[in-house]
Amino acid sequence: MTTFKDLGLNENIIKALTDLGYENPTEIQEKAIPQVIASKADLKAFAQTGTGKTAAFGLPILEQIDLNSKDTQAIILSPTRELALQIAKNIEEFSKYMKGFSVAAVYGGASIEDQIRKLKKGVHIIVGTPGRTVDLIKRKQLKLSNIQWLVLDEADEMLNMGFKDELDKILEVTPKEKQTLLFSATFPREVEGIAKNYMYKPVEITSGEKNKGSDQVSHQYYVVSERNRYNALKRIADVNPDIYSIIFCRTRRETQEIADKLIKDGYNADALHGDLSQAQRDSVMEKFRKKHLQILVATDVAARGLDVNELTHVINHKLPDQIESYTHRSGRTGRAGKVGISIAIVTSREKGKLRPIERLIGKQFVSTPVPTGKEICQNQLLKLIDKVHDIKVNDIEINGFLPSIYEKLEGLDREELIKRFVSLEFNTFLSYYQNAPDLNDSDQMRGSGRDSDTRGKRRDDENMSRFFINIGRKDNLNPARLIGLINDQKIAKNIEIGQIEILDTFSFFELDKNYQAETIDSFKQNGAEFEGRNVNVEITEKKRSGRSGGRRDGGSSSDRGDRGGDRKRSRDRKPEGDFSGFGRKRPDSKSAFGSTDKGSKRRKR
Ligand code: AMP
C-alpha cells in the first residue's frame, strides 16, 4: 500500500498527518500529490467532496512552499466562506510542524480590516472566496503577482454561484507561469470553459469516474403525491431512529418551512440557508457537526462548507433544478469509506427527472416504497429494546425505591412485565401509526376520479392551508370559477387545491401548505379582481372536525419531566393529517426516541 512518504512528502508533514489519523493517501491524493510535486503542468482533477481533495492540493503546495520568503505563494479559491475556513483549518493542521508558515482565509461577511491586518504580516497561502478576493485586490491589499499556485476548488460550484466575473478578474492578475490546479466534482461546459481559457495543456486526473457518484452511495426514490411529500419525509426519519441527515430543499423559503414543520412536529431538526445571519449559520452547523441535531434542512449553497463524514442519509425533498447539484448532494454521504443512502422524494410527474441524473451518476435509482406504519413501529420498537438492553442502571440511586416497586408489581410475571413496560413507551407510537395510510403514489391512482375522491377525504389534511377570500355566491362565485381565479394567479405549477366552501359574501379554500406565502403574495401582487371587486385573500384557521378537535399541538411531553438540559422542550409529533383522530399524542419523542441515550443526536425534548 502506498504511503505518504512514497508520494514525496517530508517528515514534518507526515508527522502532522499521523496526528490527524491519516494513515494512507486516498486515491486522489495518490494521483495528485506526486504530480504537483514533480511537475509544473496545470492540473484538472475530477474529485467529489469527501475524497480527500483538500490534502490532494494542499500537501504538495505545502511541500514546496518557501518559508524564507514572506510572499504569498498560493491562492486557493473556494465557493463559500465555510469551505474557505475549512480548507484554511486543514492546511493549518497539515502545517503544524512547519515553523514560520502562515495561512489565512479571506471571505465576505467579516471585517475586511482584520483580514488586511493579517495579510500585511505576510501570508504564504491565502484561501479566499471570489468576491472578497476581488475586493482585496481592488484595494491593493492583496498582491498575487508572485504566486506560484492557483487552486480553484469546487470550480463548478463557484460558477453555479455566479462567480464567473470574479474568477476572470482574479485570474487576470496572476502571473502566467503559475501552476493552476482545478478541482471539480462535475465538469459542465462552464468549467471546461475556464479550463480552456486559463489552463495550458492540463494533466487530467480522476478519482472515481468523471461526474459519477461515489460507489458507497445507494440511490433510492419514493413516489408520493405532492401533499404527501412532507409526510414521506417524516416516515423516512421515523423508520431510521438513528438518522443523521441533510434534507436538501431548493429555496430558502422551502428550507425554512420544512425545518419549521419538523421542529414543530418534534424532530431534532434545524434550517441552514442564506437568509440566516452568519452567526446563526455557524451555530447551526456547529450543532449539526456535534450531532446535537439529527436533521439539517439546507439549501445546496449553504450546505457546501459543511464537513461531516457520517451522514446516514441525504434526502432530496425536491430534486435540484440543475442535475449536477444532485451529485454534490448525494456526495455528502458515503464519505471517508462509509456507506450512505441518497433518497429522492418525487411525484409521478417528477419521475422523468431521475433518468438524466442516472445517466450522470452512472447508477440507477431503486424504487423504494414509503415505509409503512408497521415497519416504523418495528424499527422503533427494536431501538427501544436496544436502549433498555444498554441502559446503565444507577444501583445506588434506585436501590432504595426497589422494595416498594417490587411490592406494587407483585403477581406480574416476567413476560407480562416486559409487555407492560414496552407498551408504556410504545402505545402512543402504535396508535399513531395504527391504520397509517399507504403514502405511495402509484400511477394507477392517477385518473379522472381521483381528484374528487381525494378532495372529499382531505377534510383534515395537515398539508393544506385554509384561506379566506372576500367574495362569495353573491358575487357569482362558484367552485369552478374560484379554481379558475386561483389558477390565474399562477402560484405554482399544478398546485393542489383542497376543500372549497362558497358562502354568501365570502368563501374559503384550501391550498398546498408549502405555497402558503406564495398564495398570499400572488393574489396581492397581481391585484386580483373578480367581477369588478378587489379580491382579498387571507390565511385562516383550519376548520376543525369533531375528530380532530383538541389535537393541534395536543398535549406535551413535559408532564414527563424535562431532563434534556439545554435542549428544547419536546413537542409531540404532529400526526400525518390522514389519521388525526388517533391518540392525542404522536409517539412521544422522549420515550420512543430515547432521552437518556448517551449521544446527543436525539430529537428535542
Ligand atoms: P475532503 O475531500 O478534503 O473534504 O476530505 C474529506 C474528509 O476525509 C475530511 O474529513 C478529511 O479530514 C478526511 N481525509 C482526507 N484525506 C484522508 C486520508 N488520507 N486518510 C484519512 N482521512 C482523510
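How many bridges pair strand S8 with S14, and in which sense, parallel or antiparallel? Over two bridges, S8 (residues 217-223) and S14 pair in the parallel sense.

## Ground rules

This is a predicted model, where local features need pLDDT of at least 70, side-chain atom pairs count only at pLDDT 80 or more, and totals for chains, interfaces and linings use all residues. Residues are numbered from 1 along each chain as its sequence is written, and side-chain values use heavy atoms, with hydrogens and water left out.

Helices (H or I, at least four residues) and strands (E, at least two) are DSSP runs, numbered from the N terminus. Two strands pair if DSSP finds at least two bridges between them.

## The seven-strand sheet

S8 and S14 belong to an open sheet of seven strands with parallel pairing, in the order S10-S11-S9-S12-S13-S8-S14. Its edges are S10 (269-272) and S14 (366-367), each pairing on one side only.

Helix H12 (residues 278-289) lies across S9 (245-249), S10 and S11 (295-299), where contact means heavy atoms within 4.5 Å. H12 runs at about 135 degrees to S10. For angles like this, axes are lines fitted to C-alpha atoms (for helices, over the stretch in contact), and values run from 0 to 180 degrees between N-to-C directions.

## The four-strand sheet

Here the pairing is antiparallel: an open sheet of four strands, ordered S16-S17-S15-S20. The edge strands, S16 (497-502) and S20 (537-540), each pair on one side only. From one strand to the next, the twist averages 25 degrees.

S15 (residues 464-469) is joined to S20 by four bridges, and Phe 467 has Ile 539 as its bridge partner in S20. Helix H20 (residues 479-488) lies across S15, S16 and S17 (507-512), at about 130 degrees to S16.

## Around the ligand

There are 14 residues around the ligand, and Tyr 22, Asn 24, Gln 29, Gly 52 and Thr 54 come nearest; a residue counts as near if one of its heavy atoms lies within 4 Å.

Now for the polar contacts (pairs of N or O atoms within 3.5 Å). Gln 29 puts a polar side-chain atom 2.8 Å from a ligand nitrogen atom. On the backbone side, a polar atom of Gly 52 is 2.8 Å from a ligand oxygen atom, while an N or O atom of Thr 51 lies 3.2 Å from an oxygen atom of the ligand.

Definitions and conventions. Polar contact = N/O pair within 3.5 Å; in protein donor to acceptor, adjacent residues only side chain to side chain.
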